Amino acid sequence: MRNVLIGISVLFWVFVIWYAWDQTIPRAQYGVIFFGIILELFVLTELMELAGGGRGYLPTDVKRAYGPGNRIEALLLTFSAIDVAITCLYVATQFQALYVTRQGRALQYEIYMAAVFTLVVIYLTWRSFGPTFLSIILLGIAYGRWGMFAPGPLSHGGIGWDRLMRVLVLSVGGFFGFLTQLVAAWIALFLLYAGFLKAFGAFDLIMRLAFRSARYIDSGIAQTAVLSSAVVGSVNGSQTANAGMTGSFTIPLMKRNGMKPETAGAIEAVASTSGQVLPPVMGAAAFIMASLITGITYADVIVAGLIPAAVLVVTIFIAVHYVSVPQLNDTDPEALIEDPMDRSEFVIESLKYGIPLAILIYKLGIEQVTVMTAALWTATAMLATGTLVPLIQAAIGTSGESVGTSAHRSIWETLDGAREGVVVLAPVAIILGAINGVVDILTATGVPTSISLTLMDLSGGVLWIAAILAMIICIILGLGMPTTASYTIVALLIAPTLINQFFLPELAGHFFVFYAAILAGLTPPIATCVAVASGIAGADFWKSCWEAIKISAPLFILPFAFVYHPEIVSAQLNGQVLTSGAFAMIGAITIIHGINYPFSFETSITLPARFAFIVMGIVIMLYPSSTVQVIAFALVVAMYIVQAFVGRPDPTGVFRSKIGTSSGRQPRPSESKRE
């Protein structure tokens, strides 16, 4: 069954690549076909799971999948596959009638067909993301149908079942709407690129780079988790899924080297969350943002995201260093790598993955082609370098294997990359299709306007109150959802209020809700990302949440910097932007210093000192007047000088250096006394 999945995946990607190259059919019609095929592939992967992986002979796989204990699930999946095929084939072939000729009208049997398809999408969404997101879909549909019972300004006249079915399916919107078409045209090829990266071994190279950092800094083991999880998470598009994937390796690694379970889980959760904001992918939200904001290109979104991402990465690096060094044991980084890689091979591997990335940057930043074209070039380049480089190495005798063996391995890696791309893509397509349906219902009811009026009423027109309320709503709406889904909801429901009612620039408004939405994974009492990481670590959930909040504290302040200093995300890199970015960086570091630095003062002095650093950091990050920011910065410098000269320096060895020591580590004072 696995080979069947691989074969269909290859045909699917051929279709996607053909459309990106040809584009002769309408995008809406292509989106219907795309959504139907990806749903069928998802059903096949689920049946393969029921068959225990499906690695055996196909009839045996089928027998296991439909065997005792699995029969009901297998039958439901089979029914789903049949219904998806019928509905999507009908909508695709009747596209002209549904999308143009009979827009707003439907035949009765089409209503029934749409109702069954809606139930199937709801069922497959539940299989993908569980009850949390299922409740959101059901709540959205219920609100659309019975909105007359909603309280206050959220009340509306209600939408009949026939109209609901037209909105969700028959208008070629809803489940087949804008977001599904965006996934089909833009995101899919980038996820094929991600599948190739994994299949060809790029993540192994990332881990090696992370391990090498442990040579130069004592928190290197913890920074390994930050680097690997952030890079993989940027492509993965789900902080929770990423915490489960990379955390299964990084968390045990940190624990084996002396770190407390709560700290290890917190570091992984924060690293997985930070990956969602890293350019150029930004958890796939960058593509959606570029398509939602009129007159903004994808390259503009990436440039706008550079300074906030830099602020976040630097502050998390410092926070992780503060909390990890007192806990970590002495470790030889070379011992972490089972199969050492010499320098020449390391360079070749870097080129293999670096060339496609360079092509992506060149196509988007210099040629400024469309995102689809850039994705096509990037995925194709990754396929070329991933297969040709090993063949060339084998031909010249540097890889230690024959050309035939290398070709066979490259073919299977390519096929596995196609399968991996589908495995990653299917849940993304399903949840964004479901989100599109809910958003279209909410748009039809006029709820965005109601939310805007309610937010204005509660805030009294005061910007900072509105921003706090907007952040709370974004966190609630982002609970349990991947980055693309959570950002889409808040971008369509919350961002317009900040932009239209409080006159924030569009990029600032969208970056505010984007950063706020991903905080859901770290914010108790749900904190899904922390829940996964603490489960792997065997740690107390609430203690892990507390550690994660301490490490990521500037992330909760940074969105407000976009409100009071919108130039930070203005897609420009002039003097004013860099100055504001520098203040944001200094303020964030000051907050981290106040929260996480192991002060050596008495408690009566330490607590006021921490409070002073935190307050000054917030002022430096947010205050609109640059004069006040400079004064606050001067006070921070003065406080740091007092701390350095009055307090006992480095009581826990936080600032130990590996340079100039034979073991790579200076002994702690307590260890020196024992020796």
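**Entry 1**

I looked up E401 and found a salt bridge with R409, with 2.6 Å between the closest N and O atoms. By salt bridge I mean a side-chain nitrogen of Lys or Arg within 4 Å of a carboxyl oxygen of Asp or Glu. I note that this is a predicted model, in which local features need pLDDT of at least 70, side-chain atom pairs count only at pLDDT 80 or more, and totals for chains, interfaces and linings use all residues. Residues are numbered from 1 along each chain as its sequence is written, and side-chain values use heavy atoms, with hydrogens and water left out.

R409 and E413 are four residues apart in helix 17 (residues 403–445), so about one helical turn separates them. Helices here are DSSP runs of H or I with at least four residues, numbered from the N terminus.

Next I checked how covered these residues are. I use buried for under 20% relative accessible area, exposed for over 50%, and partly exposed for values in between (1.4 Å probe, protein chains only). E401 counts as partly exposed because its relative accessibility is 23%. R409 has a relative accessible area of 32% and is therefore partly exposed. E413, at 18%, is buried.

**Entry 2: other salt bridges**

I recorded E349 and K352 as buried. I also noted a network of salt bridges that links K198, D416, R419 and E420.

**Entry 3: helix 25**

I examined helix 25 (residues 553–564) and found it mostly covered, with 10 of its 12 residues buried. Among the buried ones I list P554, L558, F560 and V563.

**Entry 4: a nonpolar patch**

I looked for nonpolar surface and found a patch of about 460 Å², made by V462, W464, I468, I472 and I476. A patch takes residues with over 30% relative accessible area and no salt bridge; nonpolar side chains (Val, Leu, Ile, Met, Phe, Trp, Tyr) are joined within 5 Å, and like charges within 9 Å. Accessible areas come from the Shrake-Rupley method with a 1.4 Å probe. I placed V462 in the loop between helix 18 (447–459) and helix 19 (463–477). V462 is partly exposed, with a relative accessible area of 31%.

Terms used
Helix = DSSP H or I, 4+ residues; strand = E, 2+ residues; numbered from the N terminus.
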